[in-house]
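Could you walk me through this structure in plain words? I'm new to it and would like to know where to look.

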Amino acid sequence: MKQCSFFFITDEFFTRHNPDGHLMKNKEGDHNRPCFYAFPDNREPAIYWCIPISSRIEKYERIVANKIAKQIEKGHKTPKCNTIRFGKVLGQKRAFLIQNMFPVTAKYISGIYIDKNTQSPVTIPLPPKKTLSKMPKIY
């Protein structure tokens, strides 16, 4: 499996491991959604951490702003939000929903997200990749 790329997760995973529906669900139709940014666990390479991404930027910018405002009210000197990050995917700003990340094995990865213009796997620039791959250490 190509490391630090975007993937789709099988319906079987959500049926077996998400009976209460707390994780993002696959959408019906021709277009596979959502896709997940995935990277291997540092200690167990058979496990991949999947971070959902969203195009609903305004929604998640409001959530981040509210979290930071609450920290400021509590007197935090350097408020920050570790649960949502923003980055570019195919030139478009996207929200990386770290708060919703989950582990999977390769068995549940149904496909790689391919750029229809270049026919290449979709990847992200190195700085966000380093930041995102450190996130499991926080939780």
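Here is a short tour, from the nonpolar cores to the salt bridges and then a loop.

A quick note before we start: this is a predicted model, so local features need pLDDT of at least 70 and side-chain atom pairs count only at pLDDT 80 or more, while totals for chains, interfaces and linings use all residues. Residues are numbered from 1 along each chain as its sequence is written, and side-chain values use heavy atoms, with hydrogens and water left out.

Let's begin inside. In soluble globular proteins, nonpolar side chains tend to be buried together. A nonpolar core here is a set of buried Ala, Val, Leu, Ile, Met, Phe, Trp, Tyr and Cys residues joined through side-chain atoms within 4.5 Å. "Buried" means under 20% relative accessible area, "exposed" means over 50%, and "partly exposed" is in between, using a 1.4 Å probe and protein chains only. The largest core has 15 residues, and Phe6, Tyr37, Ile51, Val89, Phe96 and Tyr113 have the most contacts inside it. At least two of its residues come from each of β1 (5-9), β2 (36-40) and β3 (47-54), with β3 giving the most, three residues. Strands like these are DSSP runs of E, at least two residues long, and helices are runs of H or I, at least four long, numbered from the N terminus.

Leaving aside residues up to four places away in sequence, Phe6 touches a list of residues including Tyr37, Ile53, Val89, Phe96, Tyr113 and Ile124; a contact means heavy atoms within 4.5 Å. Apart from this core lies another, of 13 residues, with Phe7, Phe14, Tyr48 and Phe102 among them.

Now for the charged pairs. A salt bridge is a side-chain nitrogen of Lys or Arg within 4 Å of a carboxyl oxygen of Asp or Glu, and by that rule there are two. In one, Arg16 meets Glu12 at 3.8 Å, N to O. Both sit in helix α1 (residues 11-17), four residues apart, or about one turn of the helix. Glu12 counts as partly exposed because its relative accessible area is 38%.

Lys93 and Glu61 also form a salt bridge, their closest N and O atoms 2.6 Å apart. This pair links distant parts of the chain, 32 residues apart: Lys93 is in strand β5 (residues 92-96) and Glu61 in helix α2 (residues 57-73). Lys93 is partly exposed at 36%, and so is Glu61 at 33%.

Finally, look at Thr10, in the loop between β1 and α1. Its relative accessibility is 17%, so Thr10 counts as buried. The side chain of Thr10 reaches the backbone nitrogen of Phe13 at 3.2 Å.

Conventions:
Polar contact = N/O pair within 3.5 Å; in protein donor to acceptor, adjacent residues only side chain to side chain.
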